[in-house]
Amino acid sequence: SRVPLIPCGDDTAAPIARAYDRLKGFYILPDAGDGSNMLRLMNKMDMLEAARAAGLNVPNWVCLRQTDFAEPERLCGTLRFPCILKPIGLLPGGTFEFRILQTMQELLDSRGYLTGNCSCAIVQEYVRKTGEYGVNGCRLHRSGETVFGGVIEKKRFSQSSLGSTTAGTIRPDAHGLCDAAKRFVEHIDYRGIFDMEFITDGKDFYFVEMNFRNGGYGYAYTKAGRNFPAIWAGEACGTEVEALLRQPVKSLFFINESADLQNVRAGNTSIAVWLWDVLRAGAHMYINRRDMKPLLKKITRK
């Protein structure tokens, strides 16, 4: 019988999608109708178009290709600054650089960087965010039901991995973000585990992106009472998962102890606050007295 296959990173989700036709006879795979459509949706522009078509709130954007780099003002004249400049495709040897542009002139000044490093880039209106939220969930393989376990209010972020959350709290959804996520995954007919990111300016909520995999803080949801890998794999294999779905989900603070320590070194938080957060966390990414190998590996790794 086919075995459920769950990617746990972008570096595995994309190759699995590319090899979908070769793998589908042996594995139950996450998909969006098929592998090629999921691979297409991993492209930032296609993802934003799909989110807007599903009725989600998305900041305006423009895609710039190499032929546009010489005169970006021609395409970006309708955007409101400040904007975010983010490479989508890099040239061989190109350097990834994420920029916040305050004016059109700063975009024009970025032409040298774009020409020398990028094959494609996105310029998107910048939202002055007052908060960031994550929504993990899964759309079941057989029934198509979408399952959630609340939302994550993000507290701190990695200093080395852009956008990665190092501390946050799982809470009940008070802003309709799960409904928005459900509309999106049903619109693209995605079945699998996912995590989705939203930001707010204190008034509106905006879709940022969706990852087609089990998220980095998925373990925190398991500790809170919603084990998405067990639910998705079990239902895909025809196993009864109602007991897992009935399990209550509790509010829970989680921390990636190692990555979050970088915030102490960067001066974003004090060592006292970090220690208190480690002590009070209901889920740790490394510390687990029943499974100490990840922590020991982290400590002894050279």
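This is a predicted model: local features need pLDDT of at least 70, side-chain atom pairs count only at pLDDT 80 or more; totals for chains, interfaces and linings use all residues.
Biologist: Hi! I'm new to this one. How many salt bridges does the structure hold?

Modeller: Welcome! The structure holds 19 of them.

Biologist: Let's take one. Which side chain does Glu-209 meet in a salt bridge?

Modeller: That would be Lys-44, with an N to O distance of 3.9 Å. The pair links distant parts of the chain, 165 residues apart. Glu-209 sits in strand S13 (residues 205–211), while Lys-44 belongs to helix H4 (residues 44–53).

Biologist: And are Glu-209 and Lys-44 buried or exposed?

Modeller: Glu-209 is buried, and Lys-44 is buried too.

Biologist: Okay, what about Glu-186 and Lys-182, how do their side chains meet?

Modeller: They meet in a salt bridge as well, at 2.8 Å from N to O. Both residues lie in helix H8 (residues 177–187); because they are four residues apart there, about one helical turn separates them.

Biologist: How accessible is Glu-186?

Modeller: Its relative accessibility is 34%, so Glu-186 counts as partly exposed. Lys-182 has a relative accessible area of 33%, so Lys-182 is partly exposed too.

Biologist: Which residue pairs with Arg-191 in a salt bridge?

Modeller: Asp-189 does, and the closest N and O atoms are 3.6 Å apart. Asp-189 has a relative accessible area of 32%, which means that Asp-189 is partly exposed.

Biologist: Switching to helices now. At what angle do H12 and H13 pack?

Modeller: The angle is about 160°, and the axes are 9 Å apart. If you want to find them, H12 covers residues 257–265 and H13 covers residues 271–280.

Biologist: So is H12 roughly parallel or antiparallel to H13?

Modeller: Roughly antiparallel, because angles over 145 degrees count that way.

Biologist: Is the crossing of H12 and H13 left-handed or right-handed?

Modeller: Their crossing is right-handed.

Biologist: Last topic, the surface. Which residues make the nonpolar patch?

Modeller: Leu-90, Phe-96, Phe-98 and Ile-100 make it, and the patch comes to about 340 Å².

Biologist: Where is Leu-90 found?

Modeller: Look in strand S5, which spans residues 83–90.

Definitions and conventions. Residues are numbered from 1 along each chain as its sequence is written. Side-chain values use heavy atoms; hydrogens and water are left out. Patches are made of residues with over 30% relative accessible area and no salt bridge: like charges are joined within 9 Å, nonpolar side chains (Val, Leu, Ile, Met, Phe, Trp, Tyr) within 5 Å. Accessible areas come from the Shrake-Rupley method with a 1.4 Å probe; for residues, only the protein chains shown count as cover. A salt bridge is a side-chain nitrogen of Lys or Arg within 4 Å of a carboxyl oxygen of Asp or Glu. Helices (H or I, at least four residues) and strands (E, at least two) are DSSP runs, numbered from the N terminus. Buried means under 20% relative accessible area, exposed over 50%, partly exposed in between (1.4 Å probe, protein chains only). Axes are lines fitted to C-alpha atoms, for helices over the stretch in contact, and angles run from 0 to 180 degrees between N-to-C directions. Angles under 35 degrees count as roughly parallel, over 145 as roughly antiparallel, 65 to 115 as roughly perpendicular and the rest as oblique. A crossing is left-handed if the near helix is turned anticlockwise from the far one by less than a right angle, and right-handed if clockwise.
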